[in-house]
Amino acid sequence: LDELKSARRKRETYIGPWLPEPVVDTDPLAGRAAAEEVSVALMLALERLSPLERAAFVLHDVFEQPFDEVAQTLGRSSAACRQLSSRARKQLQAQGYGAEDTAAPPADTRMQALLEAFAQALASGELRALAELLTQDVRLCSDGGGVVCAIPAPLHGRDRVAQALVAFARTWQRDAGAQALHPAWVNGAPGALLWNAQGVLEQACALEWDTQGRVRGIYFQRNPQKLAALTTTPAPGSRG
């Protein structure tokens with residue numbers, strides 16, 4: 001809890017949107033299992049809870065520990081932990097997140113088709129084609145940590161997000177000579193790694209899908225400090 005409080009204070013002074021460090025899993029089954037547990041969007045919503053609320057919610061609602069065990073872990077009474085978990089659940093529901101609202105990730109073949117369609121729409125710069133892949137309330141977050149260029153605040157809405165994605169794709173391809181998107185499971189969500197022509201990993205992208213196969217959340221991790229753990233991963237087309 002002390003570490004959580006310290007980390008939260010650091011994030012309060014963080015430049016721009018904060019996203020978790022990318023964890024890439026090459027095992028589709030493991031990636032799907034992680035996605036069914038906690039989505040990136042839910043992780044961000046958890047950041048708005050107090051450390052005790054977050055701990056009680058994760059231990060009980062995610063890891064299914066009984067409140068007696070949660071109470072021993074947190075040094076609180078079982079009744080207090082029940083209240084903490086209930087309060088956290090209500091706050092998450094108020095933000096639009098809940099277990100019943102979290103769509104299961106698409107099947108691997110469907111995910112590949114969606115990613116290819118998303119990549120083609122980005123490459124073509126066709127706003128209409130790209131917008132058709134997004135939900136009306138889609139959200140775009142970009143974490144540069146004040147180190148590299150990133151969108152300073154989350155964007156909401158299909159039109160704004162589509163325009164931002166097209167502008168991003170044109171700039172990135174012109175300045176970095178970008179290669180094709182490389183599909184991957186990023187933080188338990190279907191997504192992609194984006195490498196430049198020099199073989200440098202420039203960003204990791206996690207995509208949150210709805211039950212209709214449309215993108216409702218786009219999370220770009222661009223902070224090189226958070227990408228450092230992945231820099232040894234070979235770029236697509238290079239030798240492993």
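Me: Why is Phe220 called buried?
Reply: This is a predicted model, and in it Phe220 has 6% relative accessibility. The cut-off for buried is under 20%, so Phe220 counts as buried.

Me: What makes the pairing of Phe168 and Phe220 an aromatic pair, and why is it called tilted?
Reply: Their rings sit 5.1 Å apart, centre to centre, and the limit for a pair is 6.5 Å, so they qualify. The planes are 45° apart; under 30 degrees would be stacked and over 60 edge-to-face, so what remains is tilted. The structure holds one aromatic pair, and the two partners are 52 residues apart in the chain, with Phe168 in helix H9 (residues 158–176) and Phe220 in strand S7.

Me: Which residues are Phe220's partners in the sheet?
Reply: Ser142 stands opposite Phe220, and Cys205 has Phe220 as its bridge partner too.

Me: How do you know that S7 pairs with S2 and with S6?
Reply: Pairing takes at least two bridges. Strand S2 (residues 134–143) and strand S7 (residues 215–221) are joined by six, running parallel. S6 and S7 also have six bridges, but in the antiparallel sense. The whole open sheet has seven strands in the order S1-S4-S5-S6-S7-S2-S3, with mixed pairing. Strands S1 (24–25) and S3 (155–156) are called edge strands because each pairs on one side only.

Me: Why is S6 described as largely enclosed?
Reply: Eight of the nine residues of strand S6 (residues 201–209) are buried, so the rest of the structure largely encloses it. On the S5 side, five bridges join S6 to strand S5 (residues 189–195), antiparallel, and Gly191 stands opposite Ala206 there. S5 and S6 form a hairpin with five residues between them, where Gly199 in the turn has a positive phi of about 80°.

Me: Is Glu64 buried or exposed, and what is its phi?
Reply: Glu64 has 67% relative accessibility, and exposed begins over 50%, so Glu64 counts as exposed. Glu64 is found in the loop between H4 and helix H5 (67–74), and its phi is positive, about 60°, although Glu64 is not a glycine.

Conventions: Residues numbered from 1 in each chain as written. Predicted model: local features only at pLDDT ≥ 70, side-chain atom pairs only at ≥ 80, totals over all residues. Heavy atoms only, no water. Helix = DSSP H or I, 4+ residues; strand = E, 2+ residues; numbered from the N terminus. Phe/Tyr/Trp six-rings, centres within 6.5 Å; stacked < 30°, edge-to-face > 60°. Buried < 20%, exposed > 50% of the residue type's maximum accessible area, 1.4 Å probe, protein only.
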